[in-house]
Amino acid sequence: MKKVFKKSLSLFLVLCSLLSVSFISAKAATNDSVLAKTSLYLLKDNFIYDVSVNTSLSTFVSNMTSNVSVYTSAGKKATSSDLISTGCYFNLNSTKYTVVVSGDVDGNGAIDSTDYLRVKSHFLSAITLSNSQFKAADVDNSNAIDSTDYLRIKGHFLGTYNLYS
């Protein structure tokens, strides 16, 4: 009886191992299949990075492997006149992907005074940024919002610093 139990347990563990490897491979294949091979965007943890300000919907979609419907951060389907901004998202294979435009903290598709004032307010603990806003504000990729981020976004707005060079 113990032999049968050991064999059954062994078979069960092998099956679990195979299933977990298959699941991980399927997940990785899904992530790899989101961006076109020629895309300049970066996909990490279901966020799309390296999207610049003034990116049109058609330009953004052309960097994907399939034609996706993009939604604004307010949940409205983006139209051809909309710019891609922080917080825009699309669903593909039951996974939500959210756009992060570096410096576009308020999600309007541009870098303006509102963006650096939000960074300053967050830095001073006056407001809390959403996950995508935090990622857009962290322009130096330090995993923290600090004076460097504030000064770089403000400098970009004033024309004394380029976030994208």
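## A tilted aromatic pair

Tyr49 has a relative accessibility of 17% and therefore counts as buried, the cut-off being under 20%. Phe47, at 11%, is likewise classed as buried. The model in which these values were computed is a predicted one.

A search of the whole structure returns 7 aromatic pairs. In one of them, the ring centres of Phe47 and Tyr49 are 6.3 Å apart with the planes at 45 degrees, so this pair is tilted. Phe47 also has a charged neighbour: Lys135 lies over the face of its ring, 4.8 Å from the ring centre.

## A pair between two helices

The rings of Tyr116 and Tyr150 have a centre distance of 5.8 Å and an angle of 75 degrees between planes, so they are edge-to-face. Tyr116 belongs to helix H3 and Tyr150 to helix H5, so the pair ties together parts 34 residues apart in sequence. Both tyrosines, Tyr116 and Tyr150, are buried.

## Nonpolar core

The largest nonpolar core contains 31 residues, and Ile48, Phe60, Val70 and Phe90 have the most contacts inside it. Elements that each supply at least two residues of this core include strands S2 (47-51), S3 (89-92) and S4 (95-101).

Leaving aside residues up to four places away in sequence, Ile48 touches several residues, among them Val34, Leu35, Leu42, Tyr41, Phe60, Phe90 and Tyr97.

Tyr41, Phe60, Phe90 and Tyr97 make up one aromatic cluster. Elsewhere, Lys96 is placed over the face of Tyr89, at 4.4 Å from the ring centre.

Technical notes:
Residues are numbered from 1 along each chain as its sequence is written. This is a predicted model: local features need pLDDT of at least 70, side-chain atom pairs count only at pLDDT 80 or more; totals for chains, interfaces and linings use all residues. Side-chain values use heavy atoms; hydrogens and water are left out. A nonpolar core is a set of buried Ala, Val, Leu, Ile, Met, Phe, Trp, Tyr and Cys residues joined through side-chain atoms within 4.5 Å. Buried means under 20% relative accessible area, exposed over 50%, partly exposed in between (1.4 Å probe, protein chains only). Helices (H or I, at least four residues) and strands (E, at least two) are DSSP runs, numbered from the N terminus. Contact means heavy atoms within 4.5 Å. Rings of Phe, Tyr and Trp (its six-membered ring) pair if their centres lie within 6.5 Å; planes under 30 degrees apart count as stacked, over 60 as edge-to-face and the rest as tilted. A charge sits over a ring if NZ of Lys or CZ of Arg is within 6 Å of the ring centre and within 35 degrees of the ring normal.
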